[in-house]
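Subject: Structure for you, with notes

Dear colleague,

Please find the structure below, as promised.

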Amino acid sequence: MRKWIIGLVVFLSLGIPVQATSFTAPPAPDSAVVMVPEQPETFSEGLHTVLREAVNYLYPAFRTAVTSCLGIIAAILLTSLVGHLPGSTQKVTDMVATIIVALILFEPSGALIRLGVDTVKEISEYGKLLLPVMTAAMAAQGGVSTSAALYTGTAFFDALLSGLISSVIVPMIYIFLCLSVAGCATAEDLLDRLVGFVKWLMTWCLKIVLYVFTGYIGITGVVSGVTDAAAIKATKLTISGMVPVVGGILSDASEAVLVSAGLVKGTVGIYGVLVVIALWIRPFIEIGVQYLMLKLTAGICGIFSVKTPVKLIESFSGAMGMLLAMTGTVSVLLMISVVCLMRGVA
């Protein structure tokens, strides 16, 4: 694929007239096709359609999250009452409550982790189809060096991030949850320190990729002379907080995408960005609802004065936050690149 796009860019640079309108975005995958309008006139109209369709996922996600969280509250309330019976000890009560919480949350958490992994793969595979089209369209307008640099950088970072997520971050999420359960059940300080280290390592794996990628985008824009608001705002990605990174990735980065996408009319990139959003919005809703409900559940269970199970609930919430960061990073990385290419073919 890389050789093909390089050859295409060279071919277009020979001066053969090609209109950007002759390029067509690849069709949306089956999981997103019902959410994206076939021919959106503007980005805002297409985004409104995607969000309107995405609302349908709210109720099922809320129902699933509430079911597991109500089970946790009932279990902790019951074990808390048992803990006040004569002959019972707080350590045994906390251990039983911890095991029950783990049993309730492992299944839905595992399903959401698989959903996150599948989403990353879908976005990455769609990017492999969309970016060559956008690169060729930008090269046809004269931006040969810029399009080649953007495509090469995005393809590299996409492959790096996808490999990092599948080979490192996802296994570490499982390790993080297992260590959290073991640490809460045994109250070992060593396990707690390992949990903190694994969380820190997962967070910085994503942040380092973002630092390097946004730096590359900025340098590419400066060298090629096409730096715009999108490239400048993209660098704000790296000035965000820690996990779940939702604030940084979804505020500053989405602002960069919306500002530039809203300025470009009638390009294949608008459809491509909408497809990426459609692929990402469902896991964001399902994982995000679970994340918020676990935060709420931890606050409610804290009333019962059971610190250990609450600590485990917060660990599962942290894992959901990492999934949000994981899927958000992949989608934003692709959208920023498409937006930069969109400005070149406007």
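Leaving aside its neighbours within four places in sequence, Ser331 is in contact (heavy atoms within 4.5 Å) with Ile123, Val276 and Trp280. Before going further, please note that this is a predicted model, in which local features need pLDDT of at least 70 and side-chain atom pairs count only at pLDDT 80 or more, while totals for chains, interfaces and linings use all residues. Residues are numbered from 1 along each chain as its sequence is written, and side-chain values use heavy atoms, with hydrogens and water left out.

Ser331 belongs to helix H11, which covers residues 307-345; helices here are DSSP runs of H or I with at least four residues, strands are runs of E with at least two, and both are numbered from the N terminus. Ser331 counts as buried because its relative accessibility is 1%, where buried means under 20% relative accessible area, exposed over 50%, and partly exposed in between, with a 1.4 Å probe and protein chains only.

As for the chain as a whole, it has eleven helices and zero strands, and 53% of its 346 residues count as buried. Among contacts between residues at least 6 apart in sequence, 83% join residues at least 24 apart.

Not counting residues up to four places away in sequence, Ile173 touches Ile113, Met202, Ala319, Met322 and Leu323.

A search of the whole structure finds zero disulfides, a disulfide being a pair of cysteine sulfur atoms within 2.5 Å. For Cys69, the nearest cysteine sulfur is that of Cys301, 8.6 Å away. Cys69 counts as buried because its relative accessibility is 2%, and Cys205 is likewise buried, with a relative accessible area of 17%.

Finally, Met95, which has its place in helix H5 (residues 90-140), counts as partly exposed because its relative accessibility is 34%.
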